[in-house]
Amino acid sequence: MDNLNENRDIFEQDIIEDKPLTDEEILNEKDENEEDSFLGGGDHTYVLKADKYDDVRSSSFTMLIVGMLGLIFIILNLTKVIKIPFNPTTAWMFYGIMGVVFVAFLVGGLISLMRANKLKDEAEIENKKIDEINAWAEENLTQDAIDSGLDTNETVEILYFSRAEKIKSLLMHQFEDVDEGLIDLLTENTYTKIYEGNEE
């Protein structure tokens, strides 16, 4: 009997957990997703190419340094400048494996450095586009222009999303060739500058 009651409780709990969301819960969930999108909390946060360049460049130098130091260490050991006692069989196995590892570091570092140089060019183009967008926004987007047609008596949260959506729409219309992720980032920065008086 106890088992029957437990099964019934579990069944009722599953029904409660699987019940459809109300309209209000759906709207709240939508607002949370939109907030993540505009505040950079989503899974697809845009990364500036300048930041990518810095990361790749740093990684490439790290790999190159490790690879070069490792090969120098092996060469010094082989030329007896540094004497580390090894069994002959173990020594050649060590030198062979570590030599391959350090050469792989060097090759990886060179490839990363080439990629970093490409990213540098892309970052310069992107920075110019960002400057162009910011200049256009500063000249054309004001509180009056953005709030025109919006119900400013709405709650702060809803008004925030309405303003952000309008800013994003205007930017995307003016700069159709720009990645939407970058537009999202600049939308947040533009909103902050116009309505909070500082720029991130």
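**Core and helix packing in a predicted model**

Colleague: Which residues touch the most other members of the largest nonpolar core?
Modeller: This is a predicted model. The largest nonpolar core has 19 residues. Those that touch the most other members are I133, L141 and L171.

Colleague: Which element gives the largest share of this core?
Modeller: Two or more residues come from each of α4, α6 (156-174) and α7 (180-196). The largest share is six residues, and the element that supplies them is α7.

Colleague: Which residues does L141 touch, leaving out those up to four places away in sequence?
Modeller: L141 is one of the residues that touch the most other core members. With those sequence neighbours not counted, L141 touches W136, I146, I167, L170, L171, T190 and I194.

Colleague: Are α3 and α4 roughly parallel or roughly antiparallel?
Modeller: Helix α3 covers residues 49-78 and helix α4 residues 88-140; their axes are 7 Å apart, at an angle of about 155°. Angles over 145 degrees count as roughly antiparallel. Therefore α3 relative to α4 is roughly antiparallel.

Colleague: Is the crossing of α3 and α4 left-handed or right-handed, and how many nonpolar residues are in the contact?
Modeller: The crossing of these two helices is left-handed. By class, the contact of α3 with α4 has seven charged residues, nine polar ones and, for the nonpolar class, 25.

Colleague: Is K80 buried or exposed?
Modeller: K80 sits in the loop between α3 and α4. Its phi is positive, about 65°, although K80 is not a glycine. The relative accessibility of K80 is 58%, and the cut-off is over 50%, so K80 counts as exposed.

Conventions
Residues numbered from 1 in each chain as written. Predicted model: local features only at pLDDT ≥ 70, side-chain atom pairs only at ≥ 80, totals over all residues. Heavy atoms only, no water. Axes fitted to C-alpha atoms, helices over the stretch in contact; angles between N-to-C directions. Helix = DSSP H or I, 4+ residues; strand = E, 2+ residues; numbered from the N terminus. Parallel < 35°, antiparallel > 145°, perpendicular 65-115°, else oblique. Left-handed = near helix turned anticlockwise from the far one by under 90°. Nonpolar A, V, L, I, M, F, W, Y, C, P; charged D, E, K, R; others polar. Buried < 20%, exposed > 50% of the residue type's maximum accessible area, 1.4 Å probe, protein only. Core = buried A, V, L, I, M, F, W, Y, C linked by side-chain atoms within 4.5 Å. Contact = heavy atoms within 4.5 Å.
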